[in-house]
Amino acid sequence: HFVQAAERRTLVIEPLFFNDSLLGFLAYQLSPARGMVFDALRTLISAAIQGARLVTQVRQRTEELEVAYSSLHSMSQQIRDILQNIEQGLFVIDLAGAIEPDCSKSVHGLLGLPDVTKVSLREALRLTHDQDEDFRSWLKLVESKHEGLRWEKLTKVAPLRDLEVARPGEDPRYLRLAYQKMSDADRKLRKIMVMVIDETETRRVARIVQAERERHENEVKTIVGLVNNLPEVIQDYLDDTQRRILSTTDGIASMVEPARTAREGYPGAPHFEPDPDLMARIFRDLHTIKGNSATYGFELLTHLAHQAEDLLEALKQPIEVRSTATLESLQAKLCAMEEAFQEVIKVRSRLMDSSGEESTVRIPNRKLSTLQNSVIELKQAVSGPSVEMLVEAMNHLRDVPLEQLVEKYNKMLQRVGDRLGKKIEFTTFPKGLELEPNFFAPYDEALLHILRNSVDHGIESPEIRKPAGKPEAGSIKLEIQRNLGNVLIRISDDGHGIKADRVVEKAIEQGLITSDEAIDMSTEDKLGLIFGSGISTAAEISDISGRGVGMSAVRESILALGGRISVSSEPGKGTCIELLVPKN
């Protein structure tokens, strides 16, 4: 109640509100007749105030949205600019494997497509049907496991990490794929960003560096092989290898035209079937080149010869690969072998001094022959013990200790043993024996194959030898005996020996003998089957042995010298092979 000028009045104050929101207060003079009017007025005023507030809020929110939209538009434009100019390929897929519209401009060129977003994921990544299934299985795995597994683990099992894209007239483009998860506002994984990284140039440089490193390592090994062996021995190797490369090249060339005629004239033209004898000779030549090159550490030639052997296998019946394609690949491989061989010759030339003679101290053959002829003339004119001693000394002037002559075989055995995880002890008999430098030249091929087989098939690993009561190092012995008209070379080892019955089984499988013929064969005859072409008891083919070619080459080379070969073996004790050949 307020009293003013002796007048009494009553004021009513009521809240103004909208729903639960207080907007203010309305004060009015109490009048019985106007109570309902003021109540309606209060409602109208409350609504008007709330409306004004809402308008203000809408205006403020609109201004905020305009600012946010402008900022978002600016950010979107920046992202588009980045996607248009970034060199890295980027595109986004959902968890069903569908490609989203947003992607970088460069990804089209990297993947070799007009528009990545217009094709399926299978087309974009050149997936086979199985690869496509694997990729979708991976997406399901990501969807179900991304919360429990680290992202790095999930990306490691992604089915596609590298991609090769063919380019007409150019080398392929090599791409690396990386994956990054993309979450929504609720931190739920919804999409995956695929990053396409061009590694073509990186790989090209890496290949150049690797090729240069391999070339340098091969040259170092070639130098070591050249300087650690007698010049006469190396010359024998070079002469033999060159002859075999030329022979093999001619043999392959002789098959090209018949194979091409058969293919172009199919089905009317005669069917092409490689000559078995020619194939066997080429196999022996390649196998010998491989073995000899490995002996001196010429690894590139060894590797190429092994690859050529693999190609030659495709010409065996039944022929499953087109013969002309195989022969063309063989010719290319032989060209590479010839280049590697010429590189050995170039390295050897660089090791020679400016006069053209080896840098070691040697007596040239011309001078030695002159000196020997002079001694012969002296013997005819003068006799006596001193002259006889001089003649004997001249006859053996160039002789070399046996231990030095066989050093190349020892190195080969150690190298093969290291590769197979076996320890080898190589000894020679008799001690102190000296021989002419070219003594082993006629038997070199046979010895290489026999010694290599002794390590690969004969000597056991240390883990097997120790429980059997044998020394960890396997023993391989080379013995020389010279009689009046013959030379006996004996190679023995203390390995597990040869199982004669196993050799017979392989011979029957190859069709060399029948089961009935095997019944009447002696143990020696059964063991002699290892010299048959294609007979090998190896579990698998390696760059050491396993094709059944090496021992066949041994027999061929010894028979060509007019000699004979025999083998004896005792299971668990070892094997002994004897070569008896006429003296040169």
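Author: Let's start with a word we'll need throughout: contact means heavy atoms within 4.5 Å. This is a predicted model, in which local features need pLDDT of at least 70 and side-chain atom pairs count only at pLDDT 80 or more, while totals for chains, interfaces and linings use all residues. Residues are numbered from 1 along each chain as its sequence is written, and side-chain values use heavy atoms, with hydrogens and water left out.

Reader: What does Ala-96 touch, then?

Author: Setting aside residues up to four places away in sequence, Ala-96 touches Arg-136 and Leu-139. Ala-96 sits in the loop between β5 (89-94) and β6 (99-103).

Reader: What makes something a helix or a strand here?

Author: Both are DSSP runs, numbered from the N terminus: helices are H or I with at least four residues, strands are E with at least two. On that count the protein chain has 20 helices and 16 strands.

Reader: Is Ala-96 buried or exposed, and how do you know?

Author: Buried means under 20% relative accessible area, exposed means over 50%, and partly exposed is in between (1.4 Å probe, protein chains only). Ala-96 has 56% relative accessibility, so it counts as exposed.

Reader: Why is Ile-459 called buried?

Author: Its relative accessibility is 1%, so it counts as buried. Ile-459 is in the loop between α15 (444-458) and α16 (462-465). Its contacts, again leaving out residues up to four places away, include Lys-422, Ile-424, Arg-465, Ile-476 and Asp-493. Gly-574 is 115 residues away in sequence, yet the two C-alpha atoms are 8.2 Å apart.

Reader: And why is Thr-248 called buried?

Author: Thr-248 has a relative accessible area of 1%, so it is buried. Thr-248 belongs to helix α7 (residues 231-264). Beyond its neighbours within four places, Thr-248 contacts Ile-282, Asp-285, Leu-286 and Leu-334.

Reader: What makes α15 largely enclosed?

Author: 14 of its 15 residues are buried, so the rest of the structure largely encloses α15. Helix α8 (residues 276-296) is mostly covered, with 18 of its 21 residues buried.

Reader: How do you know that the span of α8 agrees with its number of residues?

Author: The expected span is 1.5 Å times one less than the number of residues. For the 21 residues of α8 that should give 30 Å, and the end C-alpha atoms are 31 Å apart, so the two agree. For α15, 15 residues should span 21 Å and the ends are 20 Å apart, which agrees.

Reader: At what angle do α8 and α15 pack?

Author: The angle is about 75°, with the axes 10 Å apart. That makes α8 roughly perpendicular to α15, because angles from 65 to 115 degrees get that label, whereas under 35 is roughly parallel, over 145 roughly antiparallel and the rest oblique. The axes are lines fitted to C-alpha atoms, for helices over the stretch in contact, and angles run from 0 to 180 degrees between N-to-C directions. Among the residues that meet are Arg-284, His-287 and Thr-288 in α8, with Asp-444, Glu-445 and Arg-452 in α15.

Reader: What about cysteines: how many disulfides are there?

Author: There are 0. The test is a pair of cysteine sulfur atoms within 2.5 Å. Cys-335 is at 49% relative accessibility, so it counts as partly exposed, whereas Cys-576 is at 17% and so counts as buried.

Reader: What makes the backbone at Arg-126 worth a look?

Author: Its phi is near 55°, a positive value in a residue other than glycine. Most residues other than glycine have a negative phi, and most peptide bonds are trans. Arg-126 is partly exposed, with a relative accessible area of 35%. The peptide bond from Phe-429 to Pro-430 is cis, with omega near -5°.

Reader: Where does pLDDT stay under 50?

Author: pLDDT is the predictor's confidence in each residue, from 0 to 100, and it stays under 50 over residues 354-361. Where pLDDT is low, the predicted coordinates should not be read in detail. The protein chain averages 82, and 82% of the residues score at least 70.
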